[in-house]
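Me: I'm new to this structure and want a quick tour. Can you take it topic by topic?

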Amino acid sequence: MTTHTNTTTDTNATTDTPRTILVTSATGKTGRRVAERLKARGVAVRAGSRTGSTPFDWEDPETWAPALRGVDSAYVAYYPDLAAPGAIEAMREFGRLARENGVRRMTVLSGRGEPEAVVAEEALREAAVGVELAVVRASFFAQNFSEGLLAEGVAEGTLVFPAGDTLEPFIDADDLADVIVETLTADGHAGRVHEVTGPRPVSFTEVAEEIARVSGRPVVYEAMPEAEYAGLLTGFGLPAPEAEWLAGLFATLLDGHNASATDGVKRVLGREPRSFAAFAAETWGGPKS
């Protein structure tokens, strides 16, 4: 579903291709894909990251203004999550700097069904007065099983997560990147909130079974309570407060309130999103060794 905020939108904005777009967290799952797609369209990209040619670090506000200087638009992908502690303050400051540096358009990546993230969205909107802002709220990424924190468990054959038997309409990060690029390069998205998901909700058990089916090797899902999962993360070296927050976020997101699909991808792109089965087949269904 695509919803509208109460923010007044400028539907008469220029249709010219943006001059330069800043992509924050440009080495991440979505940032990398967004940057690649923008470059393929001939858009000048300023790829902001901690290690790249454009220094950008969400933990170092001193890097924000130089990265914003001279750009027309920006993709805002806050790390680790827009619902994380400190995100509201960061969005308020980033929005102020974007406004002061003459940024015309921004798209911020947010989490679907995250009340804290909505507050951070509003902080960015209020600080970036006069900047066209689109919000893209995404469901759980399919790529979390291949590139993210769950990839190691999948590779080892046991997928452990505090999701119970909840269904989730996993979004393919490639579809998500296409939506983000569209909001950055086309008019009509200012002030809008796009909720994007995959085509249908599936359980983590189904995810494990699908990966096992296409890969030809055993993969099973084991549900784990939130507190136990936090302990598991601390065992991997994550500081206890961060582990507890992360486990709590996952448990909240996967408590059933997001267990429905939207037509957000189709509304923005005019096509259906890719299913988890198709993603799995491409990712794990190659030639067997």
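Reply: Start with a definition. Rings of Phe, Tyr and Trp (its six-membered ring) pair if their centres lie within 6.5 Å; planes under 30 degrees apart count as stacked, over 60 as edge-to-face and the rest as tilted. With that rule, F140, F145, F161, F170, F204, Y221, Y229, F250, F276, F279 and W284 form one aromatic cluster.

Me: What kind of model is this, and how are residues numbered?

Reply: The model is predicted: local features need pLDDT of at least 70, side-chain atom pairs count only at pLDDT 80 or more, and totals for chains, interfaces and linings use all residues. Residues are numbered from 1 along each chain as its sequence is written, and side-chain values use heavy atoms, with hydrogens and water left out.

Me: How many aromatic pairs does the rule give?

Reply: The count is 24 aromatic pairs. One of them joins W58 and W64: the ring centres are 5.3 Å apart and the planes are at 65°, so this pair is edge-to-face.

Me: Are those two buried or exposed?

Reply: W58 and W64 are buried. Buried means under 20% relative accessible area, exposed means over 50%, and partly exposed is in between (1.4 Å probe, protein chains only).

Me: Why is the pair of F140 and F250 called edge-to-face?

Reply: The planes of F140 and F250 are at 70°, with the centres 6.2 Å apart, so the pair is edge-to-face.

Me: Where do F140 and F250 sit?

Reply: F140 is in the loop between β7 (132–138) and α5 (151–156), and F250 is in helix α9 (residues 240–253). They are 110 residues apart, so the pair links distant parts of the chain. Helices (H or I, at least four residues) and strands (E, at least two) are DSSP runs, numbered from the N terminus. F140 is buried, at 8% relative accessible area. F250 is buried too, at 9%.

Me: Now the core. Which residues touch the most other members?

Reply: In the largest nonpolar core, of 65 residues, they are M91, F94, M106, F145, F161, F204 and F276. A nonpolar core is a set of buried Ala, Val, Leu, Ile, Met, Phe, Trp, Tyr and Cys residues joined through side-chain atoms within 4.5 Å. A second, separate core has 23 residues, including Y75, A138, I180 and V268.

Me: Why would such side chains gather?

Reply: In soluble globular proteins, nonpolar side chains tend to be buried together.

Me: What does F161 touch?

Reply: Setting aside residues up to four places away in sequence, F161 touches residues including F140, F204, Y221, Y229 and F250. Contact means heavy atoms within 4.5 Å.

Me: Switching to α4. What does its buried side pack against?

Reply: The buried residues of α4 pack against α3 (87–100), β6 (105–111) and β7. Those buried residues are A117, A120, E121, A123, L124, R125 and A127.

Me: How does the span of α4 compare with what it should be?

Reply: Helix α4 (residues 115–127) has 13 residues and should span 18 Å; its end C-alpha atoms are 19 Å apart, which agrees. The expected span is 1.5 Å times one less than the number of residues.

Me: On to α6. Is D178 buried or partly exposed?

Reply: D178 is partly exposed, at 23% relative accessibility. D178 is found in helix α6 (residues 173–185). Beyond its neighbours within four places in sequence, D178 is in contact with R37, L269 and R271.

Me: And L184?

Reply: L184 is also found in helix α6. L184 is buried, with a relative accessible area of 0%. Its C-alpha atom is 9.3 Å from that of L133, 51 residues apart along the chain.

Me: Which backbone details should I look at?

Reply: The peptide bond from Y79 to P80 is cis, with omega near 10°. P80 is in the loop between β5 (73–76) and α3. S25 has a positive phi, near 50°, and is not a glycine. S25 lies in the loop between β2 (20–23) and α1 (29–40).

Me: Last one: what is R200 in contact with?

Reply: Apart from neighbours within four places in sequence, R200 is in contact with E168, P169, E206 and A261. R200 is found in the loop between β10 (192–196) and β11 (202–203).
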